[in-house]
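We will go from stop to stop, and at each one you will hear what to select and what to look for.

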Amino acid sequence: MMQQKSHSYLHVVEQIGDISECYSAIDNEMARQLNVVLHDTHEASLVIIDLMNALNSQAHQEDINKHIADVLGSMQSQDILRQRIERMLEVMKKRQTLFEKFVNQLQSNEEQLDDFGSEMNRLFRDYVSNESRHANSIERHNNEQNLPKFELF
Amino acid sequence: MAKTILIVDDSATMIMSVKSTLEMNGYKVETAEDGVKAMAKLTSGLKPDLIITDINMPNMGGIEFIKKARAILRFAPILTLTTESQAGMREEGKAAGATGWLVKPVGGADLIRIVKQVLPGA
């Protein structure tokens with residue numbers, strides 16, 4: 001019975017190792033895709049800025065200048081998106097590192113495992129708490145402090 | 001004579017967006033990708049009338065840059081332009097020497113209005 005349990009345990013550890021590799025492959029592919037999204041949105045921003053500059057050189061009305069300024073302001077959304085994606089990628093990398101550490105400890109038959117559950121939980125809570133610091137994040141909308149968008153001290 | 005504004009941000013899109021808006025309104029603009037490069041410009045003799053800086057940047061973040069810049073430019077206004085929104089971070093910026101806190105995104109009209117507010121006569 002104990003031998004059967006031992007075989008099952010080894011099988012589980014092997015499975016977890018396989019899962020870890022797939023996890024890593026999925027994360028790497030998602031990171032690649034997200035970086036492509038960032039690159040493409042940045043390229044689109046550059047095109048729009050060029051168009052705005054060309055339009056501005058021909059503009060002679062104050063209203064047109066104002067619209068151009070507003071469009072240029074909306075370009076900042078690309079940077080906000082970039083930062084959110086970078087924070088997501090960082091958490092994915094840390095999660096993968098934790099999981100690999102867990103698998104390594106299992107495979108090396110260490111007597112005592114680290115408390116990975118707590119560490120993973122802490123990673124999640126730190127991510128949510130960190131997100132709430134930034135405007136335009138989902139967490140920010142949930143923890144609204146009603147601070148002004150522009151504040152002169 | 002046109003006022004000079006130094007923009008400090010690690011995002012090329014942000015720099016191009018803010019630079020274009022300011023230049024269209026007659027300001028002269030210098031840029032830097034992080035606090036280290038911005039400090040290099042300041043210690044090389046650049047004396048901007050206004051600094052607009054991001055907070056989360058590699059090599060030297062905005063808070064540290066504001067402290068160092070304040071040691072060189074005692075009176076020039078320094079505005080942050082950041083996604084950081086919480087009160088604690090604002091207080092940290094204020095203590096470092098920031099003149100104001102702007103949360104991204106800032107529309108072109110709002111940006112110019114605020115710049116004119118901190119640079120009277122501009």
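This is a predicted model: local features need pLDDT of at least 70, side-chain atom pairs count only at pLDDT 80 or more; totals for chains, interfaces and linings use all residues.

## Stop 1: a methionine at the contact

Select Met24(B): leaving aside residues up to four places away in sequence, Met24(B) touches Asn56(A), Ile68(A), Ala69(A) and Leu72(A), where contact means heavy atoms within 4.5 Å. Met24(B) belongs to helix α1 (residues 12-24) of chain B; helices here are DSSP runs of H or I with at least four residues, strands are E runs of at least two, and both are numbered from the N terminus.

Residues are numbered from 1 along each chain as its sequence is written, chains are lettered from A and ligands numbered from 1 in the order in which they are written, and side-chain values use heavy atoms, with hydrogens and water left out.

## Stop 2: the whole interface

Next, show both sides of the contact: 32 residues from chain A and 39 residues from chain B. Together the two chains bury about 3200 Å², with 56% of it on carbon and sulfur atoms; buried area is the accessible area (1.4 Å probe) that two parts lose on being put together, summed over both. Which residues of chain A lose the most area to chain B? Select Gln76(A), Phe150(A) and Phe153(A), which together make up 23% of what that side buries.

Between the chains there are 16 residue pairs in polar contact, both at pLDDT 80 or more. A polar contact is a pair of N or O atoms within 3.5 Å; within protein, one must be able to donate a hydrogen and the other to accept it, and residues adjacent in sequence count only if both atoms are side-chain atoms.

## Stop 3: a bridge and a strand pair

Four salt bridges link chain A and chain B, a salt bridge being a side-chain nitrogen of Lys or Arg within 4 Å of a carboxyl oxygen of Asp or Glu. For one of them, select Asp79(A) and Lys104(B), whose side chains meet at 2.5 Å, N to O.

Stay with Lys104(B): a cis peptide bond joins Lys104(B) to Pro105(B), with omega about 0 degrees. Pro105(B) sits in the loop between β5 and α5 (108-118) of chain B.

Then select β1(A) and strand β5 (residues 100-103) of chain B, which pair in the antiparallel sense over three bridges; strands pair if DSSP finds at least two bridges between them. Within β5(B), Trp101(B) is the bridge partner of Glu151(A).

## Stop 4: inside chain A, then a loop in chain B

Select Glu29(A) and Arg32(A), whose side chains form a salt bridge (3.0 Å, N to O). Both residues lie in helix α1 of chain A, three residues apart, about one turn of the helix.

For the last stop, go to Asn59(B), in the loop between β3 (50-53) and α3 (62-72) of chain B. Its phi is near 65 degrees, a positive value in a residue other than glycine.
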